[in-house]
Amino acid sequence: MEKSFRSLRLILPVALVLPLAAPDAAFAARKHGHAHHAAPAAPAPYVPTPYVAIDVDSGHVIAQRDATRAWYPASVTKLMTVYVALQAVESGRLTLDTPLVVSARATREKPSKMGFAPGSQVTLDNALKMLMVKSANDIAVTIAEGVSGSVEAFATEMNDAARSLGMQESHFVNPNGLHDPNHYSSARDMAVLGRALLLRFPNQAGLFNIGAFRIGEQVVPTHNGLIGRYPGADGMKTGFTCPAGFNLVASASRSGRRVIVVVFGDVSAKVRTAHAADLLDRAFASSAGADAITALPSAGGSPPDMRGQACGRRGKAQLAAENEDFGAPIAGSEGGEAAPQKNGAAIAALPRPAYQPIDLYVGPPPGYQGPVAGPRPADTPIGAIAYTLLPTAAAASAISDHAAVAPKPPAPKAKTAKAKPANTHAGKAKPKTEAKAAAH
């Protein structure tokens with residue numbers, strides 16, 4: 001009996017401690033991600049993605065689904081940025097040769113971006129080409145500030161232009177399409193905008209069909225997977241953020257007929273390309289209906305958030321905002337051969353085409369003596385820049401996403417008098433202005 005009592009005294013403290021220790025262990029397991037019984041995440045609900053196809057000449061609808069549903073446009077926003085900039089050129093406010101100043105605000109934009117140092121200058125013509133091919137968010141802000149003085153003033157011009165074109169579901173707050181809950185559009189509105197660009201500025205249609213550009217030693221290819229693959233594809237713009245999914249406004253011509261298709265919210269760049277190719281096939285095989293694109297009734301409502309479908313199963317490195325990897329070819333069909341062009345999926349599986357890049361540069365045109373456009377107060381004319389320019393030695397810098405260095409002008413000669421030795425390693429300290437530029 002006494003022996004049993006001694007055993008009980010040893011067991012009771014252990015029995016009392018175990019229930020207390022168990023919650024702490026469970027908490028630690030949850031804290032460090034080792035819990036074995038966590039409920040699986042619910043699958044993202046399916047959202048029917050909008051699309052529309054229109055005939056450019058007539059503006060009539062060929063096919064559509066939920067085309068007037070509000071949606072986050074992502075970088076297809078930049079088509080409106082181009083429209084407002086070309087409208088400013090048409091009115092004589094500036095020219096395509098006008099240099100634009102890259103501000104500190106522009107350099108703080110998220111990728112994809114060019115990564116030029118604050119104080120750099122880039123002509124409007126070069127900026128528009130960088131915008132369409134690279135989808136550079138810093139360049140979008142540079143254009144906005146150069147044309148209107150500020151992002152906010154430019155957004156007002158974007159919304160004014162949208163109303164004048166009959167875009168009914170659109171509201172813009174920035175020139176690049178980086179996510180903002182108050183920045184939205186619709187497939188219908190983007191088709192209206194694409195058509196307006198082609199009809200009002202036909203001499204600038206080449207902006208939307210550039211396969212690649214070269215700046216310094218870096219070649220940057222287009223994000224548009226239809227160019228060079230789909231017969232007759234000739235523009236326009238892609239877009240991607242997690243809330244938006246993968247978006248595309250695409251134009252193509254065949255037998256003298258031109259169509260525009262818009263697809264919103266696809267789950268990958270490859271699916272987007274296939275979807276658009278199938279819709280183009282359908283459009284060219286059909287006649288336009290009786291409904292004008294501007295006459296479609298607005299669906300109203302708020303844009304859906306596509307994070308679950310577009311980004312739920314991908315790592316952060318794959319999905320940096322607006323940064324789509326087009327450096328490697330898309331895999332072909334089994335056996336390494338490209339699939340025949342019978343449908344959109346086959347076209348999306350074709351190897352990446354090789355483009356002859358156009359050459360771009362940083363800085364004003366040679367011998368340019370005109371005004372320079374940059375950030376400035378409202379209602380201030382172009383040329384009155386409320387921004388302190390850095391020395392031209394800091395004008396060119398890396399393309400941030402690819403670590404490529406654009407050509408730099410020769411470094412200024414060092415002063416021979418009154419120069420104090422710097423406390424450096426092997427005498428390689430950067431000048432003060434260069435160091436600031438590198439820190440952006």
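Modeller: One term before we start: a nonpolar core here is a set of buried Ala, Val, Leu, Ile, Met, Phe, Trp, Tyr and Cys residues joined through side-chain atoms within 4.5 Å. Keep in mind too that this is a predicted model.
Colleague: Thanks. Which residues touch the most other members in the largest nonpolar core?
Modeller: Met80 and Ile143 do, in a core of 71 residues. At least two residues of this core come from each of β1, α2, α4, α5, α6, α7, β5 and β9.
Colleague: And what does Met80 touch?
Modeller: Leaving aside residues up to four places away in sequence, Met80 touches Met158, Ala161, Ala162, Met167, Phe172 and Leu193. There is also a second, separate core of 20 residues, with Ala53, Ala63, Val263 and Ala283 among them.
Colleague: Why would such side chains sit together?
Modeller: In soluble globular proteins, nonpolar side chains tend to be buried together.
Colleague: Let's look at α2. How many of its residues are buried?
Modeller: Ten of the 13 are, so α2 is largely enclosed by the rest of the structure. The buried ones include Met80, Tyr83 and Leu86, as well as Lys78 and Thr81.
Colleague: What covers them?
Modeller: The cover includes the helices α4, α5, α6 and α7, along with strands β7 and β8.
Colleague: How far does α2 reach, and what follows it?
Modeller: α2 spans residues 78-90 and reaches 18 Å from its first C-alpha to its last, close to the 18 Å expected. After α2 comes Gly92, with a positive phi near 90 degrees.
Colleague: What about α8, which of its residues are buried?
Modeller: Among them are Arg272, Thr273 and His275, plus several alanines such as Ala274, Ala276 and Ala277. The buried residues of α8 pack against β1, β2, β7, β8, β9 and α10. In length, α8 has 16 residues (269-284) and reaches 23 Å, close to the 22 Å expected.
Colleague: Changing topic: in what order do the strands of the open sheet run?
Modeller: The order is β6-β5-β10, three strands with mixed pairing. β6 and β10 stand at the edges with a single partner strand each, so one side of each has no neighbour in the sheet.
Colleague: How do β5 and β6 pair, parallel or antiparallel?
Modeller: Antiparallel, over four bridges. In one of those pairings, Phe213 has Val220 in β6 as its bridge partner. Helix α4 packs on the sheet and touches β5, β6 and β10, with its direction at about 125 degrees to that of β5.
Colleague: I always check cysteines. How many disulfides does the count come to?
Modeller: One. That disulfide joins Cys242 to Cys311, with 2.0 Å from S to S.
Colleague: Where in the chain are those two?
Modeller: Cys242 is in the loop between β7 and β8, while Cys311 is in helix α9, 69 residues apart, and the pair links distant parts of the chain.
Colleague: Is the disulfide left-handed or right-handed, and why?
Modeller: The torsion about the S-S bond is about -100 degrees, so the disulfide is left-handed.
Colleague: Are those cysteines buried or exposed?
Modeller: The cut-off for buried is under 20% relative accessible area. Cys242 has 17%, so Cys242 counts as buried, and Cys311 is buried with 11%.
Colleague: Last one: how many helices and strands are in the chain?
Modeller: Eleven helices and twelve strands. Of the 440 residues in the chain, 48% are buried.

Key:
Residues numbered from 1 in each chain as written. Predicted model: local features only at pLDDT ≥ 70, side-chain atom pairs only at ≥ 80, totals over all residues. Heavy atoms only, no water. Expected span 1.5 Å × (residues − 1). Buried < 20%, exposed > 50% of the residue type's maximum accessible area, 1.4 Å probe, protein only. Contact = heavy atoms within 4.5 Å. Pairing = 2+ DSSP bridges. Axes fitted to C-alpha atoms, helices over the stretch in contact; angles between N-to-C directions. Disulfide = S-S within 2.5 Å.
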